[in-house]
Amino acid sequence: MGEALLRHLSRGGVDVASGGSHPKAEIHPIARSVMRDVFGLDMARQRPKSLDSVAGESFDDVISVCDRAADSCPVFPGDPERIRWSLEDPAAVEGTDEAKARAFEATARDLTARIRIWLSLPAVSSRIPRDA
């Protein structure tokens, strides 16, 4: 969800890559439906990837969204800024489909707010092309 939101909110001005510490075989179907129905974002081209898929790449910033991921995050070349957003895993919520959907929506809204703030920081906004 974070990858899709960052790509959208930066209008493609931020080169985004993501990887998980324990990726599932598929993106959670409720995550896909919330992103499509609530945020109007299509995640059809996104697939879960492991941290290994991005290890060795250079980044300006590395944002982890859960404590487990931050603890297992590899060392990236160039000493990027490490940002830690400790979010609850919406996939861990038990209960009705409605309760699960609310958890995914709450996480996506939290990510949206954090990404907007992060994008507004001068050190970040100055790196985004003006035409993005």
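Me: Let's start with Ile63. What is its relative accessible area?
Reply: Ile63 has a relative accessible area of 29%, so it counts as partly exposed. Buried means under 20% relative accessible area, exposed means over 50%, and partly exposed is in between (1.4 Å probe, protein chains only). This is a predicted model: local features need pLDDT of at least 70, side-chain atom pairs count only at pLDDT 80 or more, and totals for chains, interfaces and linings use all residues. Residues are numbered from 1 along each chain as its sequence is written, and side-chain values use heavy atoms, with hydrogens and water left out.

Me: Where is Ile63, and which residues does Ile63 touch?
Reply: Ile63 sits in strand β1. Leaving out residues up to four places away in sequence, Ile63 touches Ile83, Trp85 and Trp118. Contact means heavy atoms within 4.5 Å. Helices (H or I, at least four residues) and strands (E, at least two) are DSSP runs, numbered from the N terminus.

Me: What separates the C-alpha atoms of Ile63 and Leu121?
Reply: They are separated by 14 Å. Along the chain, Ile63 and Leu121 are 58 residues apart.

Me: Helices next. How is a packed pair described?
Reply: Two packed helices are described by the angle between their axes and the distance between the axes.

Me: OK, what are the values for α1 and α4?
Reply: Helix α1 covers residues 2–9 and helix α4 covers residues 97–120. They pack at an angle of about 40°, and their axes are 10 Å apart. Axes are lines fitted to C-alpha atoms, for helices over the stretch in contact, and angles run from 0 to 180 degrees between N-to-C directions.

Me: What do we call α1 and α4 at that angle?
Reply: α1 and α4 are oblique to each other. Angles under 35 degrees count as roughly parallel, over 145 as roughly antiparallel, 65 to 115 as roughly perpendicular, and the rest as oblique.

Me: Is the crossing of α1 and α4 left-handed or right-handed?
Reply: The crossing of α1 and α4 is right-handed. A crossing is left-handed if the near helix is turned anticlockwise from the far one by less than a right angle, and right-handed if clockwise.

Me: Which residues make the contact?
Reply: From α1, they are Gly2, Leu5, Leu6 and Leu9. From α4, they are Ala108, Leu111, Thr112, Ile115, Arg116, Trp118 and Leu119. By class, the contact of α1 with α4 has 8 nonpolar, 2 polar and 1 charged residues. Ala, Val, Leu, Ile, Met, Phe, Trp, Tyr, Cys and Pro count as nonpolar, Asp, Glu, Lys and Arg as charged, and the others, Gly among them, as polar.

Me: Which residues of α1 are buried?
Reply: Glu3, Ala4, Leu5, Leu6 and Leu9 are buried in α1. These buried residues pack against α2 and α4.

Me: And how do α2 and α4 pack?
Reply: The angle between α2 and α4 is about 60°, with their axes 9 Å apart. That makes α2 oblique to α4. α2 passes α4 in a right-handed crossing.

Me: Which residues of α2 and α4 meet?
Reply: Ile30, Ala31, Val34 and Met35 in α2 meet Asp97, Lys100, Ala101, Phe104, Glu105 and Ala108 in α4. By class, the contact of α2 with α4 has 7 nonpolar, no polar and 3 charged residues.

Me: New topic. How many salt bridges are there?
Reply: The count comes to 8 salt bridges. A salt bridge is a side-chain nitrogen of Lys or Arg within 4 Å of a carboxyl oxygen of Asp or Glu.

Me: Which residue forms a salt bridge with Glu3?
Reply: Lys49 does, and the closest N and O atoms of Glu3 and Lys49 are 3.3 Å apart. Glu3 lies in helix α1 and Lys49 in the loop between α2 (29–37) and β1 (61–64), so the pair ties together parts that are 46 residues apart in sequence.

Me: Is Glu3 buried or exposed?
Reply: Glu3 counts as buried, at 12% relative accessibility. Lys49 is partly exposed, with a relative accessible area of 29%.

Me: What about Asp61 and Arg127?
Reply: Their side chains meet in a salt bridge (2.2 Å, N to O). Asp61 lies in strand β1 and Arg127 in the segment after α5, so the pair ties together parts that are 66 residues apart in sequence. Asp61 is buried, with a relative accessible area of 18%.
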